[in-house]
Amino acid sequence: MKKYRLTDETINIDGKTLYRIQALIDISGIYKISAGEMGGFIEKEENLSHDGNAWVFGNAKVFGNAKVFGNAQVGYNAQVRDNAQVHENALVRDNAQVRGNVLVHDDALICENALVCGNALICDSALICGDALVGGNALICDSALICGNALVGGNAQVRDDAKVFGDALVGSNAQVRDDAKVFGDALVGSNAQVRDDAKVFGDALVGSNAQVRDDAKVFGDALVGSNAQVRDDAKVFGDALVGSNAQVRDDAKVFGDALVGSNAQVRDDAKVFGDALVGSNAQVRDDAKVFGDALVGSNAQVRDDAKVFGDALVG
């Protein structure tokens, strides 16, 4: 039994003729539809299933090889096009666009001015809103939130209860997961992980294969380089730079214009700040402090309650 018909009211979009639909029966979906009520526009019946509570309402448009089925609904001025599929209890609404080979299902919601394209998979109770852009082979799942002007692309994953918002960018193969948050103008690069309750924000950059995890925070203009780890309750902020394979962990803090070099460790309650430089394989640990223009050279250790400051050099 058919649940709708194509009316004589048409519009043209991208060279395709779309027809407004009219319900022939009551439809009890996310939005309740009464028999006789006008819906949105589709190009052909293959775009909207006659089974289930799937519906297109308002001035929404579904065309190309796109399909809406199950109990999914597309409404207001939204577009679903190309080879995209929206099904189960998913909702696409407002001015949102779903295009390319995107798959949206479960209880996912895409709304406002969001654009989802490429081969992205949006599922579970994920929410994409604002002016967010999700593309490539991205996976947004569980109760993840992407909003504002955020961009998630490549093979990135945002999952669990993670949030990416503001003007943040999450790139190729990166993961933002658990309760982690990436926001502001932050950038999370290839293969990096931001996980647990970690936060990356401001203009911070987390580079390739780096990890920010646990309750760690990276913010300001800080840069965490390739394969580095910022973990536990550690904080890296200001214009600080943490180099390749370095670790900032426990309750340690690196801030100001400080630089922590490759394979170095700043741990426990240690602090490195000002214009201080900690060289390769060095350790700053316990309650030690390195600040001012101090330099801790390669393989050196600063520990216990030691303080290195001014123009001091530890070789």
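At 22% relative accessibility, Asp 160 comes out as partly exposed (buried is under 20% relative accessible area, exposed is over 50%, and partly exposed is in between, with a 1.4 Å probe and protein chains only). This is a predicted model, where local features need pLDDT of at least 70 and side-chain atom pairs count only at pLDDT 80 or more, while totals for chains, interfaces and linings use all residues. Residues are numbered from 1 along each chain as its sequence is written, and side-chain values use heavy atoms, with hydrogens and water left out.

The partner of Asp 160 is Arg 177: the two form a salt bridge whose closest N and O atoms are 4.0 Å apart (the criterion is a side-chain nitrogen of Lys or Arg within 4 Å of a carboxyl oxygen of Asp or Glu). Arg 177 sits in the loop between β26 (175-176) and β27 (181-182) and Asp 160 in the loop between β23 (157-158) and β24 (163-164), so the pair ties together parts 17 residues apart in sequence. Strands here are DSSP runs (E, at least two residues), numbered from the N terminus. Arg 177 is partly exposed too, with a relative accessible area of 26%.

## Other salt bridges

Side chains of opposite charge can pair when their charged atoms come close. Across the whole structure, the search turns up 16 salt bridges. One of them joins Arg 213 to Asp 214 at 3.6 Å, N to O, and Arg 213 is partly exposed at 21% relative accessibility. Arg 249 and Asp 250 also pair up, with their closest N and O atoms 3.6 Å apart. Then there's a network of salt bridges linking Arg 267, Asp 268, Arg 285, Asp 286 and Arg 303.

## A lysine without a partner

Lys 61, in strand β7 (residues 61-62), is buried but has no salt bridge. Its nearest side chain of opposite charge is Glu 9, 9.9 Å away (Lys and Arg count as positive, Asp and Glu as negative; His and the chain ends are not counted). Leaving out residues up to four places away in sequence, Lys 61 touches Ile 11, Ile 13, Leu 18, Phe 41, Ala 78, Gln 79 and Val 80 (contact is heavy atoms within 4.5 Å).

## Val 98 on the inside

Val 98 belongs to strand β13 (residues 97-98) and is buried, with a relative accessible area of 0%. Beyond its neighbours within four places in sequence, Val 98 has contacts that include Gln 79, Val 80, Arg 81, Val 104 and Ile 110.

## Surface patches

A run of leucines, including Leu 151, Leu 205, Leu 277 and Leu 313, makes a nonpolar surface patch of about 700 Å². Patch members have over 30% relative accessible area and no salt bridge; like charges are joined within 9 Å, and nonpolar side chains (Val, Leu, Ile, Met, Phe, Trp, Tyr) within 5 Å. The areas come from the Shrake-Rupley method with a 1.4 Å probe; for residues, only the protein chains shown count as cover. Leu 277 lies in strand β43 (residues 277-278) and is partly exposed at 32%.

Aspartates gather in a surface patch of negative charge, among them Asp 161, Asp 197, Asp 251 and Asp 305 (the place of an Asp charge is taken as CG). Asp 197 sits in the loop between β29 (193-194) and β30 (199-200), partly exposed at 34%.

## Positive phi values

Most residues other than glycine have a negative phi. Asp 94, in the loop between β12 (91-92) and β13, has a positive phi near 60 degrees. Asn 173 also has a positive phi, about 65 degrees; this residue lies in the loop between β25 (169-170) and β26 and is partly exposed at 35%.

Terms used. Helices (H or I, at least four residues) and strands (E, at least two) are DSSP runs, numbered from the N terminus.
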